[in-house]
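Hi,

Here is the structure I promised to pass on.

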Amino acid sequence: IFFQIFDAFKSRLHDSNSKVNQVALETMHKMIPLLKDNLSPVINMLIPAMVDNNLNSKNPGIYAAVTNVIQALCQHLDNYLLLQPFCTKAQFLNGKAKQDMTEKLA
C-alpha cells in the first residue's frame, strides 16, 4: 500500500498546475521528518519526480519548495540512500539543477 500511495502522490510532484505542484512539494517536505528512512523503498521513484522539472523551475515558490525538500532529505535520511539517486540526477540534469545536485553531493 505504501507504493500505491506514493505512486499516486508522485504525479502531483510534477503536476502541470504550479499550485498543485508547489503544495505537493511542501507536503513532501512535511512528511520527510515523519517517515525518515521508511521512505527508502520509494526514494528512487520520488527523487526524480521531485527534481526533474522543479529544480530548474523559474517559479520561485516551486524552486524554494524543492530545495527545502532536498535539504530535508539530507537531514532526515541516511546519506547512503540518497547517494545513487543524487548521482544519477547530477549526471543527467542541466543548468542550475545540475549545479544544485552537484553541490549536494559534495
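Lys89 makes a salt bridge with Asp52, with 2.6 Å between the closest N and O atoms (salt bridge here: a side-chain nitrogen of Lys or Arg within 4 Å of a carboxyl oxygen of Asp or Glu). Lys89 sits in helix H5 (residues 79-92) and Asp52 in the loop between helix H3 (43-51) and helix H4 (60-76), so this pair ties together parts 37 residues apart in sequence. Helices are DSSP runs of H or I, at least four residues, numbered from the N terminus. Lys89 is buried at 12% relative accessible area, while Asp52 is partly exposed at 34%. The cut-offs: buried is under 20% relative accessible area, exposed over 50%, and partly exposed in between, with a 1.4 Å probe and protein chains only.

Keep in mind that this is a predicted model, where local features need pLDDT of at least 70, side-chain atom pairs count only at pLDDT 80 or more, and totals for chains, interfaces and linings use all residues. Residues are numbered from 1 along each chain as its sequence is written, and side-chain values use heavy atoms, leaving out hydrogens and water.

Asp15 pairs with Arg12, the closest N and O atoms being 2.8 Å apart; Asp15 is buried at 17% relative accessibility, and Arg12 is partly exposed at 37%. Lys10 bridges to Asp7 at 3.5 Å between the closest N and O atoms. Both lie in helix H1 (residues 2-12), three residues apart, or about one turn of the helix. Lys10 counts as partly exposed at 25%, and so does Asp7 at 42%.

Cheers

How values were computed:
Helices (H or I, at least four residues) and strands (E, at least two) are DSSP runs, numbered from the N terminus.
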